[in-house]
Amino acid sequence: MLSRDEVLKIARLAKLSLTEKEIEFYQQRLGRILTYVEELNALATADTSVVRTIPKDAVAFREDRPMPFSDVRELLKNAPASEADSFLLPQVME
Amino acid sequence: MDFNRLEILDLLEGYQRKEFSPTEVAQSLLTSIEKKDSEIRSFLQVRPDVTLDAARAVEKRSSEMQKLPLYGVPIAIKDNILVTGWQATAASKILKNYVAPFTAMCVERLESAGAVILGKTNLDEFAMGSSTENSGVAPTRNPWNTDRVPGGSSGGSAAAVAAGFAPASLGTDTGGSIRQPASLCGLVGVKPTYGRVSRFGLIAFASSLDQAGPLTRSVWDAARVLECMAGYGGKDATVSRSVVPKYTENLNESAFGTVRNLRVGVCTSWLEGVDPEVRASFEAAVEKLKELGMRPVEIELPNVKYALSTYYLVATSEASSNLARFDGVHYGYRTPNPKDLNDLYCSSRGEGFGPEVKLRIMLGTYALSAGYYDAYYGKANQVRRLIQQDFEAAFEKCDVIASPTSPTTAFKIGEKISDPLTMYLSDIFTLPANLAGIPGISVPAGVDSGKLPIGMQLMGRHFDESTLFQVAYCYERRRGALANPPWRSKSGAGA
């Protein structure tokens, strides 16, 4: 079981607002899972080489060539609020 | 004509002989969906006009049929894969009205091969789940028995093919989400090697684990879809540049010669706790592999018992990062009347995400947070390396590894939803392949006493889908037809 403060801290980091019921729910659920995964601490892993997940011939780079993007209007179609070519948000600064 | 029971190969042959046309097939399947999917709930969106237009456009290219390996084949697409003009909701309220502005590379390749998009299918929200009960819309039902789950997270994709609504669908697999629903729905499902299929256009869950792949009713069909959808395409830094083999070329009599004398690894200790009927079916399947001339070899996978813990730290950490983009700003759900920008973020996400998604985001955030990063995420990555090494060692002794795909058959809707760990344990056999990056295929092995399907999983070396397909194909031929699958009932859908 995680403490209420711990859950609220995680929620703040994750930018998630939680109801009172949810806080209790996640205290219990997160606690249960974190207890389960403690089993990994029993394993000796000091000598393990770094994990590699991508194929050896995958190349992360492409030619540094500008590729102008013309579809701004397409992207704004999904915006919750927009004005001209911009997304609209609450004022951030005075 | 009843097109529900036809496989891709049957469709291609029928088109060749001019027995029917892509428009007729598409129309027939759309009618089936309209009549019967209210019971199954496999689709989240269908657009009959768009599908029929696409079918007509493909028909205009009938003279090039030979060059279009999926000419006129209708395919359903999981709703976490983008297709221009179609919704992409990931079955989440937070993306309720999102319309995709571009098409995923793997889908673009299928369309270039002549395929026709039939619709978007249901899933567990953001692909997080093993039953499709976490869908933000509604659960999908298993066409073999509608009180039961189809598996997840690609439950809609699996149910659509099992019900006869589509000959093939695309799913995504991060911890087993193609293979497990394939097993529970009596289908063939393939998770390719990590880096075989481009992830461009997938709504990301865990970037080092996600792969898109096919669900079909036959091994040949899965091979045909994969050979069309795989490959680099220019927009994914994690995809192999190697040429994609033509997997279907070897799926004929010659495969029997190839698989004879291959060694099949079985890890007996891994099978503890599996449902007795599933275990019996798996052992019978291994006997059939022996009849094909394959040699079972006992292997050890000492660290797979830690796969669940490893996965639930690695995948959730990556998910917490990938889902940070859903903030109410650029697309998706925005909370009405936010107090300020921070409230806009927190309330949009708090209201828009479902409970399992929030659970996993928080778990991942915790595992990556200051003071805990090394103990949780760092440690999990080290254990991941141990699991990879287990498979490297095992493949010195064998050529493919066999296991049941799922420890149980399809469970009842509502049965496992109250305890997350019970649900997570559905994936014990599928998780390791994602962690190791190796390919896996589930093939139907039989049914239990309740007539629910049981699947056998085969795993192979990196980029050795060819061997997996050949073994699976020979096994499928040896096994024979499945008795009374739901896609063969009149007009498809539920049993």
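**Entry 1: the ground rules.** I began with buried area, which is the accessible area (1.4 Å probe) that two parts lose on being put together, summed over both. The model is predicted, so I kept local features to pLDDT of at least 70 and side-chain atom pairs to pLDDT 80 or more, while totals for chains, interfaces and linings use all residues. Residues are numbered from 1 along each chain as its sequence is written, chains are lettered from A and ligands numbered from 1 in the order in which they are written, and side-chain values use heavy atoms, with hydrogens and water left out.

**Entry 2: the interface.** The size of an interface is often given as the accessible area lost when the parts come together. How much area is buried between chain B and chain A? I read about 5,000 Å², and carbon and sulfur atoms give 66% of that. I then looked at who takes part, with contact meaning heavy atoms within 4.5 Å. Chain B brings 67 residues to the contact and chain A brings 51 residues.

Next I looked up polar contacts (a pair of N or O atoms within 3.5 Å; within protein, one must be able to donate a hydrogen and the other to accept it, and residues adjacent in sequence count only if both atoms are side-chain atoms). Between chain B and chain A I found 20 residue pairs in polar contact, both residues being at pLDDT 80 or more. On the side of chain B that touches chain A, α10 (307–322), α11 (341–352), α12 (355–368), α13 (374–397) and α14 (420–424) each supply at least two residues.

**Entry 3: salt bridges.** My rule was a side-chain nitrogen of Lys or Arg within 4 Å of a carboxyl oxygen of Asp or Glu. How many salt bridges does this rule give over all chains? The count comes to 19, and between chain B and chain A it is 2.

One that I followed up joins B:Lys358 to A:Glu22, with the closest N and O atoms 2.7 Å apart. This pair crosses between chains, from helix α12 of chain B to helix α2 (residues 20–37) of chain A. Are the two partners buried or exposed? Both B:Lys358 and A:Glu22 are buried, where buried means under 20% relative accessible area, exposed over 50%, and partly exposed in between (1.4 Å probe, protein chains only).

B:Arg17 is exposed at 52% relative accessible area, and B:Glu19 is partly exposed at 45%. I also noted B:Asp53 with B:Arg56, closest N and O atoms 3.2 Å apart. Those two are about one helical turn from each other, because they sit 3 residues apart in helix α3 (residues 48–59) of chain B. A network of salt bridges links B:Arg263, B:Asp399 and B:Arg461.

**Entry 4: chain A.** I counted 3 helices and 2 strands in chain A, running α-α-α-β-β from the N terminus on. Why call chain A more spread out than a compact globule? Its radius of gyration is 23 Å, well over the 12 Å that the globule rule gives for 94 residues, so the chain is more spread out. That radius is taken over C-alpha atoms, and the globule rule is 2.2 Å times the number of residues to the power 0.38. The C-alpha trace spans about 55 × 45 × 25 Å along its principal axes. Of the 94 residues of chain A, 29% count as buried.

**Entry 5: two residues of chain B.** B:Thr193 lies in the loop between β5 (188–191) and β6 (211–216) and is buried at 0% relative accessible area. Leaving out residues up to four places away in sequence, B:Thr193 touches several others, including B:Gln211, B:Pro439, B:Arg461 and B:Phe463. B:Phe3 sits in the segment before α1 (8–16) and counts as buried at 5% relative accessibility.

How values were computed:
Helices (H or I, at least four residues) and strands (E, at least two) are DSSP runs, numbered from the N terminus.
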